[in-house]
Amino acid sequence: MDDNLLITNLFSIKGETALITGGGTGIGKMIAKAFVKNGVRVYIASRNKEHLEKTAEELTTMGPGVCYSIETNLVSKEACEKLASKIEKLENGKLDILVNNAGIVEYNATLTDFPEEAWDEMYNLHVKSVFYLTIAYLPLLEKASNKPIDPSRVIITGSILGIGHGELKFAQKRGSCSLPYSSSKHAVHGVAKNLAVHLTSRGVNVNILAPGVIPVKDIFYEFINSIISEIPQGRAGNEADMAGAAIYLSSRASSWVTGTEIIVDGGTLLNFKLSDI
């Protein structure tokens with residue numbers, strides 16, 4: 001019985017099967033890499049075929065898990081259901097871990113000229129697709145669940161901008177407005193917490209991974225000094241930070257954790273609580 005307390009058992013995800021949307025690049029790729037390194041069979045899905053295939057080959061070569069790519073564009077309920085149907089056939093109707101990660105990292109527009117189509121794209125991908133994809137995969141997650149000891153997992157990538165309010169310094173320096181992005185992340189945090197209400201008793205834990213600034217595009221490095229100036233720990237986030245949180249949320253160690261936000265931001269939100277004394 002005491003062996004259950006060993007790190008090798010508490011945090012093991014070996015042999016699990018996971019789907020990660022937006023898994024070809026950025027945070028999604030970081031999580032996919034961590035899963036494959038720990039023996040998970042991973043499916044990554046996004047609309048960028050080139051990135052998907054390159055990442056799947058890279059991670060499978062690395063092993064010991066494997067990574068497969070599925071090209072899709074999650075713009076509708078139908079698209080979400082088609083993706084679920086593919087995994088259902090490939091995995092005998094089961095899925096252990098669903099990572100809703102697909103998203104738009106940045107959109108450069110000001111407060112007064114933010115285009116309507118950008119609002120629609122962000123809310124469709126960040127909010128609507130998270131709901132419909134989770135519901136589409138619910139039968140697969142329920143079938144794989146070993147409740148109540150080790151439920152299936154849904155991890156939803158939110159943001160500290162889905163918790164706090166206002167603009168980060170680097171966005172202000174760039175002259176862009178993150179209001180549509182931030183409000184969509186507030187919405188997805190709400191969707192996730194309400195999904196947890198409905199799904200936890202069905203053997204599916206739902207949690208939010210809320211990262212701070214993780215440099216995933218070159219544009220971030222242009223403003224790296226401004227980014228770091230807001231982070232009490234004095235550095236930006238990296239793949240090890242995302243890997244640790246994702247593995248925890250997927251493993252036996254977090255089986256009694258559901259409906260919550262795991263903030264991984266180096267203390268950025270704490271920084272906003274300091275006065276200017």
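This is a predicted model: local features need pLDDT of at least 70, side-chain atom pairs count only at pLDDT 80 or more; totals for chains, interfaces and linings use all residues.
Residues are numbered from 1 along each chain as its sequence is written, and side-chain values use heavy atoms, with hydrogens and water left out.

Entry on the loops. I looked up Asn92, which has a positive phi of about 55 degrees although it is not a glycine. Most residues other than glycine have a negative phi, and most peptide bonds are trans. Asn92 sits in the loop between H4 and strand E4 (97-100), helices (H or I, at least four residues) and strands (E, at least two) being DSSP runs numbered from the N terminus. At 59% relative accessibility, Asn92 counts as exposed. I then found a cis peptide bond between Gly63 and Pro64, with omega about 0 degrees, and Pro64 belongs to the loop between helix H3 (49-62) and strand E3 (66-71). Another cis peptide bond joins Lys147 and Pro148, again with omega about 0 degrees, and I placed Pro148 in the loop between H5 and strand E5 (152-157).

Entry on a helix pair. How do the axes of H4 and H5 cross, and within what distance do they come? I noted that the axes of H4 (residues 77-90) and H5 (residues 116-144) come within 9 Å and cross at roughly 30 degrees, the axes being lines fitted to C-alpha atoms over the stretch in contact, with angles from 0 to 180 degrees between N-to-C directions. The two helices are therefore roughly parallel to each other, a label for angles under 35 degrees. Among the residues making the contact (heavy atoms within 4.5 Å), I listed Leu83 and Ile87 of H4 and Leu133 and Tyr137 of H5.

Entry on the cores. A nonpolar core is a set of buried Ala, Val, Leu, Ile, Met, Phe, Trp, Tyr and Cys residues joined through side-chain atoms within 4.5 Å. The largest has 47 residues, and Leu83, Tyr137 and Val206 are among those with the most contacts inside it. H5 gives the most to this core, with eleven residues. Apart from this core lies another, of 29 residues, including Ile44 and Ile214. Leaving aside residues up to four places away in sequence, I saw that Val206 touches several residues, including Val154, Ile156, Leu195 and Thr260.

Methods. Angles under 35 degrees count as roughly parallel, over 145 as roughly antiparallel, 65 to 115 as roughly perpendicular and the rest as oblique. Buried means under 20% relative accessible area, exposed over 50%, partly exposed in between (1.4 Å probe, protein chains only).
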